[in-house]
Structure formats: C-alpha cells, structure tokens
Amino acid sequence: MNRKRLSALGVLTTAALALSVALVPGAHAAGEIVVWADETRGPNLAKVIAAKGDWVPGFTIKIVSFSSFDALKDAFDKATGTTGPDIVVAANDWVPTGAKSGKLAPITLTASQKANFNAANFFDLSYKGKLYGVPVDVNDVAMIFNTKLTTTSPKTFGDMVAFYKANKTAKSLKAGLCVAGGGMSWGAHSVFSALGADAYLMTPKGAANTVQSFNPTTFGNNVKTQLLNTDGTSNGFFPATDTGCKDNFLAGTVPYAIIGNWEWKDYVAKGFEMNLMPVPSVTGGYGHMFGSVSGALLTTFAEKHGVAAGAKSVLTNFFGSTAGQVAYQTIENRPPAAKGAGADASLSAGQKGFGSAAVLAGIPQIGAFLNSNAGGSSYWDSAPAYWTAVLINKKDPLVEARKLAAIWKKNVAAGKADL
C-alpha cells in the first residue's frame, strides 16, 4: 500500500475559521469540535471549513494540522482527555489499536448513510463488529488502456489477450497487461482475482469470508489458457515483474496497465485519458483490487469535552456526506469514498475513475490475513513467487495453484483471531 509517511515531528495548529497558528494543540473552546489531520489533509480541510463553517449548526470546527503523518500518530498516541481531538483523520489500521486503547469511540450509521459507501469500506474502519468512523478517501489501483492502440473498453480478460495476440507483431507490443503501480503483490491482486484467485473473499455485506479458498483448478486452468503458450512458456501478455511497465505503457508498447491512484496525474500529463476500470475477469465480471480507506474517526475525548453529539454530526453531515466529500476532495484531489461524491462533475476524471473502480471491485486490505505466514509464506511473498514459478520457471500452473491456495487458506484461518 502506498501511504505517505514522513519522519518530521513538528506540530502545527490551524484553526479552521480563524486560521490562527500555535505550536501545540490548545484547550477546547465551548461548542468547538477539534479535528486532527496530517500535513496535507489538515490545511485542505481548513480551507473547506473556512469557506463553509456551518456543517453542524451550533458548533464550530477547528482543524489541527500536524507536520507529518508520523507526527500525527505520535501526538494521538500521547493524547489525553485534555489535549486530545474529538475526531482524527487517520489510516484504517489505526482502528484496532485505538479501539483497544479506549481512545476511539464506536458510531452507528443509518441505513441511508451506509448506502452511500461500498460495504467493504466499513470493514476497514471496524473492530470486533463495531464501526469507529466514516470512510473519507480510497487508496487503490485501476486499469487504464491506451486509446492510441485500442478504443474499445475490454469486457473480459480474454478480450485483452486476444487483442494482444492479434497486434503483438504489427504494433511492436512488449506486453499486453502489466503492473505499473502497486507492485506484483498489492497492485497485481486484481489480476489474480480476474483469473479466479482471491487472497480472501468478502460477503455482500462487507464481512470477510474466513472459510472459503479459491478453486485452484479453475485458476490454474485460466492461467494456462490466458497466459501460456501450448508448450507451457509465457505468451508475453502478462509479465512476471513490474520492471519497465510504466515506461513501456507511456511509450505506447503496452495497451493495458494497472496504475495507482497516487500517480494518475503522470498519465494525464502525457495525454492519456482516464478511462479507468477494474481488470475485467475471465467470466465478464471484475477482478478485486485492494481498496483500503482512510477514515474520520470518532474519539472518546469528544464525550469528555461535551461535544460527542456534535462530533457525530460532523462525521455524518460533513465527512460522510456527498457534499462534504466533494468540497474536500476538490481541493485534496484524492478519490472520495462516498459513491455520490465519486460521480460529481466537479471532480477530475482520475478521482472519479479510481473511486468508481473501488466501488465496483474494491476489497479491504486485511493485514491479519495478508501478513500471516501460517501457510509457510505470507501473501506478499507467495503472490509474486507464483508468477515467477509459472511465467519464468515454466512450472505447472495447476500444481503451483494448489500450493498457493493451501498457503492462502491457512493464512486466512490463522488471521481470524486478529479481526
């Protein structure tokens, strides 16, 4: 996952309405809701609140910006009822620690409020069945295609393979689909999924299915059919490494590429359209990509400050609303988590494309499963090892698929206790 984390430890305070500056977080004023954020989100949130301060009538919103993500984390770890915020804008992996320490408070959303998000997003911000905040923006990958090579949006994985084979020589293609952003573990999950292998499955309600593993025969046969020649060698469509992918795509020698939401402006600058979509699957659906979210999290300090009701309203009226996310992301330029915000005309094609891809095919990044090596290897190591074994070392895709399924199944089973 590509999260921006810096090491500087200075602290800067920005009051949303007055835009005043101080060296340390100050005491809470009456009717004031204090929100802590990092060095990019904080100043941008302050601009939004300065433009419209009445998101919650009767309360003012004060944004406190820290000089880095690490500085924010350090301050929150040390926060007390006197110094702590009412809301903190943070990464999803803060939730388990904050919930166990008693610094985060659970919230309850209405059915209509929940409907504005992908159900899987709530899994990211939940611990032991309780929700601790609202999704703000997503971190994911999506597939882009070069309209100078093809103007047709592929419907299936096979469509892309067929185009590659038919045009490989005439268009001097170096690959058909490659991973430009996110690497061969995180970024390439959607290719695994499109071919029938998910690291884990999610239920329609956004819960993790901790029992079912992927079908190795189906996946192995799809790899054999789509990615290999009859003699078992790679047909060149999908490289086993991400080396050179971005440069080759930008140069026009690869028609399809998986890119990250942190780099879309690089492609716009080169004249590429943001025709973003999830990787189409063999069966015509989509391959799932990891789509973790950052969230605006409610703290237990809000109750101590007497503003819990107001803080909850800030979460739903501003952070969790379409209007609030549009106002914020117009400045922040990240893909918004809210479905309605992702479709707003004022946002860029890149933001909308990544947001739409996350809604269509995003699944939460569950570290308890991915980091486990109960099966003998973690997801992060076993995923790229499969491509190396099959596409480079010419090992049997079905035999290797059975090994991979066994690893991932054991890792998921072992990780259940940490959810």
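Colleague: Hi! In which sense do strand 5 and strand 15 pair, and over how many bridges?

Modeller: Strand 5 (residues 87–91) and strand 15 (residues 292–298) run antiparallel to each other, paired over five bridges. Two strands pair here if DSSP finds at least two bridges between them, and strands (E, at least two residues) and helices (H or I, at least four) are DSSP runs numbered from the N terminus. A90 sits opposite G295 in strand 15. Bear in mind that this is a predicted model: local features need pLDDT of at least 70, side-chain atom pairs count only at pLDDT 80 or more, and totals for chains, interfaces and linings use all residues. Residues are numbered from 1 along each chain as its sequence is written, and side-chain values use heavy atoms, with hydrogens and water left out.

Colleague: Thanks. What is the strand order in the open sheet?

Modeller: The order is 4-3-5-15-8, with mixed pairing among the five strands. Strand 4 (60–65) and strand 8 (133–139) are at the edges with a single partner strand each, so one side of each has no neighbour in the sheet.

Colleague: Changing topic: how many aromatic pairs does the structure hold?

Modeller: There are 29 aromatic pairs. Rings of Phe, Tyr and Trp (its six-membered ring) pair if their centres lie within 6.5 Å; planes under 30 degrees apart count as stacked, over 60 as edge-to-face and the rest as tilted. F192 and W408 have ring centres 5.4 Å apart and planes at 70 degrees, so they are edge-to-face. Because F192 is in helix 8 and W408 in helix 19, that pair ties together parts 216 residues apart in sequence.

Colleague: Are F192 and W408 buried or exposed?

Modeller: F192 is buried at 0% relative accessibility, and W408 is buried at 3%. Buried means under 20% relative accessible area, exposed over 50%, and partly exposed in between (1.4 Å probe, protein chains only). Both rings belong to one aromatic cluster, whose members also include F290, Y379 and W387.

Colleague: And helix 19 itself, what does its buried side pack against?

Modeller: Its buried residues pack against several elements, among them helix 8 (189–194), helix 9 (216–227) and helix 18 (379–392). Contact there means heavy atoms within 4.5 Å.

Colleague: What caps the N-terminal end of helix 19?

Modeller: D396 does, with a side-chain oxygen 2.8 Å from the backbone nitrogen of L398.

Colleague: Last one: where does A29 lie?

Modeller: A29 is in the loop between strand 2 (21–22) and strand 3 (32–37). A29 is partly exposed, at 41% relative accessible area, and its C-alpha atom is 9.7 Å from that of K62, 33 residues apart along the chain.

Terms used: Polar contact = N/O pair within 3.5 Å; in protein donor to acceptor, adjacent residues only side chain to side chain.
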